[in-house]
Amino acid sequence: MHPIVRLRQTIFAGRKVMLPIPKDARVLEVGGGDSPSPRSDVLVDFALEPRERWGGRIERDDRPLVLARGEALPFRDKSFDYVIAFHVLEHSEHPEVFLSELQRVASAGYIETPSFWSERVLPFTVHRLEVAAIDDGNGPKLIIHKKSAPVCDPLLERAFKAKMNEGALAAISPEAWVTRFHWKDRIPYTVVNPEVDSVWPIEPASHDDFNPRTRVRRILVAGAAAIFALRRRFRGRAKSERL
């Protein structure tokens with residue numbers, strides 16, 4: 001891979017750390033897995049093992065970890081200032097409920113999924129939705145298409161993988177591979193085919209020893225995590241002293 005392309009990908013990988021979150025905001029992350037945002041204060045996952053994700057078991061740190069599903073978050077209304085849902089919406093069988101829960105527990109947030117086209121040409125069997133962010137003239141909104149099967153078009157997937165293996169697509173901007181959506185107060189969205197049931201058996205993941213992130217990315221994430229851990233510790237100490 002060309003060094004400039006690799007540099008672009010590494011910089012883009014830091015987007016989870018550079019979200020526009022106020023300094024004193026209380027932050028929830030839903031589905032952070034084994035690589036949650038260093039900025040998150042409370043974490044939610046529905047299992048400790050990697051059932052529907054690449055990566056290893058969740059490694060505990062100083063942050064509270066709650067085992068729950070995104071469709072049933074065990075928090076009071078507006079318990080958080082900000083919520084992060086990073087590559088988790090596309091797993092949901094009930095996106096309307098999932099998005100309603102995010103709006104209920106937080107005042108603002110960030111949602112990221114694979115882009116609509118990337119999910120179409122490189123589908124993941126654990127992903128049940130295709131998601132795009134489109135401005136309809138009234139501002140950006142999420143357009144959600146529920147899959148009727150794990151693989152949409154085997155021939156298209158095969159042809160696309162062949163081009164990728166040739167290196168013909170290496171220079172595509174990393175931004176093109178994902179749908180990014182910032183929201184405040186409410187999440188505008190449309191499910192275009194709500195009548196579809198995106199339900200099929202999912203085999204448990206068996207990649208406990210696999211980490212898809214580059215060494216540079218892991219080092220950067222670990223450094224950011226250490227900085228925010230110290231910040232949480234000092235913030236907690238200052239709060240206890242005031243009490």
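A polar contact is a pair of N or O atoms within 3.5 Å, where, within protein, one atom must be able to donate a hydrogen and the other to accept it, and where residues adjacent in sequence count only if both atoms are side-chain atoms. The structure shown above is a predicted model, in which local features need pLDDT of at least 70 and side-chain atom pairs count only at pLDDT 80 or more, while totals for chains, interfaces and linings use all residues. Residues are numbered from 1 along each chain as its sequence is written, and side-chain values use heavy atoms, with hydrogens and water left out.

We begin with the sheet. Helices (H or I, at least four residues) and strands (E, at least two) are DSSP runs numbered from the N terminus, and two strands pair if DSSP finds at least two bridges between them. Strands of a sheet pair through backbone hydrogen bonds, either parallel or antiparallel. Here six strands form an open sheet with mixed pairing, in the order β3-β2-β1-β4-β5-β8. Its edge strands, each pairing on one side only, are β3 (65-67) and β8 (178-184).

Within this sheet, β1 runs parallel to β4, to which three bridges join it, and Val 27 has Tyr 82 as its bridge partner in β4. Three bridges also join β1 to strand β2 (residues 42-45), again in the parallel sense, and there the bridge partner of Glu 29 is Leu 43. Strand β4 (residues 82-86) in turn pairs with strand β5 (residues 108-114) in the parallel sense over four bridges, with Ala 85 facing Ile 111 as its bridge partner.

Glu 29 lies in strand β1, which covers residues 27-30. In a regular strand the side chains alternate between the two faces of the sheet. In β1, Val 27 and Glu 29 point one way and Leu 28 and Val 30 the other way, and all are buried. Why is Glu 29 counted as buried? Buried means under 20% relative accessible area, exposed over 50% and partly exposed in between (1.4 Å probe, protein chains only), and Glu 29 counts as buried because its relative accessible area is 0%.

The side chain of Glu 29 makes a polar contact of 3.1 Å with the side chain of Lys 16, and it also reaches the backbone nitrogen of Ser 37 at 2.7 Å. Ser 37 is placed in the loop between β1 and β2 and is likewise buried, because its relative accessibility is 0%. Leaving aside neighbours within four places in sequence, Ser 37 is in contact (heavy atoms within 4.5 Å) with Lys 16, Glu 29, Arg 63 and Ile 84.
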